[in-house]
Amino acid sequence: MTKTALVTGGTRGIGAAISVALKNAGYTVAANYAGNDEAAQKFKDETGIPVYKWSVAEYEACATGIAQVEADLGPVSVLVNNAGITRDTLFHKMTPQQWREVIDTNLSGVFNMTHPLWGGMRERKFGRVITISSINGQKGQLGQVNYSAAKAGDLGFTKALAQEGARAGITVNAICPGYIGTDMVMAVPEKVRESIIAQIPVGRLGEADEIARCVVFLASDDAGFITGSTISANGGQYFA
Ligand SMILES: NC(=O)c1ccc[n+]([C@@H]2O[C@H](COP(=O)([O-])OP(=O)(O)OC[C@H]3O[C@@H](n4cnc5c(N)ncnc54)[C@H](OP(=O)(O)O)[C@@H]3O)[C@@H](O)[C@H]2O)c1
């Protein structure tokens with residue numbers, strides 16, 4: 001029987017590449033998204049991967065959405081916490097709402113998704129929890145106090161939960177991408193993007209597929225001895 005994988009924010013950008021790579025690796029895949037119905041429909045039409053709409057920022061919505069995915073596709077054994085947002089601004093201008101939205105999605109969203117699935121993974125003595133953090137959770141980034149705090153929190157979550165999952169056959173790992181050429185990065189002004197590329201030793205943005213391949217590896221049986229780890233995929237920009 002094929003394993004079922006659930007990818008949050010799995011319909012666009014890095015998440016879409018992860019969904020497709022997992023499907024190509026033989027998993028039954030469900031892709032979650034938040035609100036962009038048009039992009040989700042296009043993704044579904046192109047890939048044949050079913051899409052499910054709810055916000056990872058809401059615990060009850062996650063529990064309900066996961067129950068629906070499991071009813072449709074079977075127990076989820078691979079969870080990829082990929083959904084993420086930015087609300088960038090300097091700290092002195094940051095509103096409590098900008099802080100909360102990023103923490104609710106990028107950090108609490110990881111709890112909200114992992115917690116309802118944890119019991120089933122423990123019972124079945126197998127699970128893979130893979131969270132997409134960020135280089136900016138490792139090094140901190142001006143203009144992203146909210147985002148850096150949430151992404152650093154994801155790494156603490158990963159290291160602590162890995163210790164709880166180890167005896168139950170569940171691995172918990174994180175990936176810290178550097179700058180990848182998705183909508184999130186293409187949305188920053190071109191001048192800023194050029195200055196970002198100038199700081200990347202390999203001289204280019206990363207590709208979503210390069211992150212997806214890390215996910216496929218961490219999900220595989222070959223990665224069973226790797227837990228609590230962080231894979232940095234950033235073109236040499238930062239060595240954690
Ligand atoms: N791009 C980079 O350079 C980079 C670097 C380091 C880390 N990352 C991290 O990688 C992940 C993916 O980034 P990306 O660049 O691929 O982003 P993206 O292109 O903006 O796509 C984000 C995806 O997340 C979904 N999403 C956003 N908020 C959500 C919520 N509350 N509930 C469920 N889904 C939600 C979006 O759904 P809709 O389509 O419905 O909006 C979309 O599918 C994020 O965690 C990001 O922080 C990205």
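This is a predicted model: local features need pLDDT of at least 70, side-chain atom pairs count only at pLDDT 80 or more; totals for chains, interfaces and linings use all residues.

Residues are numbered from 1 along each chain as its sequence is written, and side-chain values use heavy atoms, with hydrogens and water left out.

**Entry 1: the largest pocket.** I found 44 residues lining the largest pocket, with Gly84, Ile85, Thr86, Tyr147 and Met184 nearest its centre. Its volume is about 1,100 Å³, where a volume is the space filled by probe spheres set on grid points joined across faces, edges and corners. Helices H1, H5 (135–139), H6, H7 and H8 (190–198) and strand E2 each give at least two residues to this lining; helices (H or I, at least four residues) and strands (E, at least two) are DSSP runs numbered from the N terminus. By class I noted 19 nonpolar, 21 polar and 4 charged residues. Here Ala, Val, Leu, Ile, Met, Phe, Trp, Tyr, Cys and Pro count as nonpolar, Asp, Glu, Lys and Arg as charged, and the others, Gly among them, as polar.

**Entry 2: the ligand.** What takes up the space of the largest pocket? The ligand does, by the rule that more than half of a molecule's atoms lie within 2 Å of the grid points. I listed 31 residues around the ligand, the closest being Arg12, Gly35, Asn82, Tyr147 and Thr182; a residue is near if one of its heavy atoms lies within 4 Å. The shell divides into 14 nonpolar, 14 polar and 3 charged residues.

I then checked polar contacts (pairs of N or O atoms within 3.5 Å). Ligand oxygen atoms lie 2.7 Å from a polar side-chain atom of Arg12, 2.5 Å from a side-chain N or O atom of Tyr147 and 2.8 Å from one of Lys151. The protein covers 93% of the 900 Å² of accessible area (Shrake-Rupley, 1.4 Å probe) that the ligand has on its own.

**Entry 3: the other spaces.** The second largest pocket has about 160 Å³, and Met1, Lys3, Arg124 and Phe126 are among its lining residues. I also found 1 cavity of 30 Å³ or more, with about 40 Å³ of space in the largest cavity. Helix H4 (96–124) gives the largest share of that cavity's lining, 5 residues, and the lining has no charged residues.

Definitions and conventions: On a 1 Å grid over the protein atoms alone, a cavity is a set of points where a 1.4 Å probe fits but cannot get out, and a pocket is an open set with protein on both sides within 12 Å along at least five of seven lines; lining residues have an atom within 4 Å of a point. A polar contact is a pair of N or O atoms within 3.5 Å; within protein, one must be able to donate a hydrogen and the other to accept it, and residues adjacent in sequence count only if both atoms are side-chain atoms.
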